[in-house]
Structure formats: C-alpha cells, structure tokens
Amino acid sequence: MSAEAGADFIPLDGNAVAGDLSELFARDVTTATIRCGSCGSSAEIGAVRVYGGAMGSIFRCFTCDTAVIRMVRTPRGFAIDMRGAALLLVNT
Ligand SMILES: [Zn+2]
C-alpha cells in the first residue's frame, strides 16, 4: 500500500476541484506557457507554431518541432492530447 492510499488519506474526486477547473478553462489560454517534454524549452501557446486542417490542430515546439499539443474538435467538444508537453503553466 502506498502512502497516498493510507488510512489517513481520503481521496476526493474531480468534483472537489470543480471551481479551480472552471477558473482554469475560462481563461485566455494563449497566454499560458507550455514546456516541451522533449527539449524542455518553454513558450506562450500563442507563439507556438500550429499546423491545422480537417483532422485538427497540431501545436509544435518552436525549438525541436515536437508535437506538444494535438487538438481536435469532436461532435461532443474537444479532444486534447498533450503527451508531448512536460508542463502547462496558466497564470491567473
Ligand atoms: Zn522542444
């Protein structure tokens, strides 16, 4: 058993941070900083190169060209794959 699963630690679910999530996603994310998971360089999302098309948008690291965000609009909303990013820093 891990320390996090100990008897003194009672996990919550995502609803417990609903207010924080609402605040996060209501912001202008183009000013957020994204760190590349491959080379470690950082840039504002608004400055990252984006290749778009019918299949969605791919945000590429300005330094090493790694795909840091893949985003597609679906019939229900958006699907976002950020496995190429190490960190997304959103200023409040
Ligand atoms: Zn990079």
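Q: Which residue stands opposite R70 in β6?
A: That's D81: R70 stands opposite D81 in β6. A strand here is a DSSP run of E with at least two residues, numbered from the N terminus. By the way, this is a predicted model, where local features need pLDDT of at least 70, side-chain atom pairs count only at pLDDT 80 or more, and totals for chains, interfaces and linings use all residues. Residues are numbered from 1 along each chain as its sequence is written.

Q: How do you know that β5 and β6 pair?
A: Two strands pair if DSSP finds at least two bridges between them. β5 and β6 have five bridges, in the antiparallel sense, so they pass that cut-off.

Q: What makes β4 and β5 a pair, and how do they run?
A: Four bridges join them, and they run antiparallel. One spot to look at is F59, which stands opposite I69 in β5. The two strands form a hairpin with six residues between them.

Q: What joins β3 to β4?
A: Five bridges, with the strands running antiparallel. G52 stands opposite S57 in β4, and a hairpin connects β3 to β4 through two residues.

Q: In what order do the strands of the open sheet come?
A: The order is β3-β4-β5-β6, four strands with antiparallel pairing.

Q: Why are β3 and β6 called edge strands?
A: Each of them pairs on one side only.

Q: What makes up the largest nonpolar core?
A: Seven residues: I34, C36, F59, C61, V68, I69 and A85. A nonpolar core is a set of buried Ala, Val, Leu, Ile, Met, Phe, Trp, Tyr and Cys residues joined through C-beta atoms within 7 Å.

Q: Which residues is V68 in contact with, leaving aside its neighbours within four places in sequence?
A: Among them are I34, C36, F59, C61 and A85, along with V48 and M82. Contact means that the C-beta atoms, placed from the backbone, lie within 7 Å.

Notes:
Buried ≥ 20, exposed ≤ 12 C-beta atoms within 10 Å, placed from the backbone. Contact = placed C-beta atoms within 7 Å.
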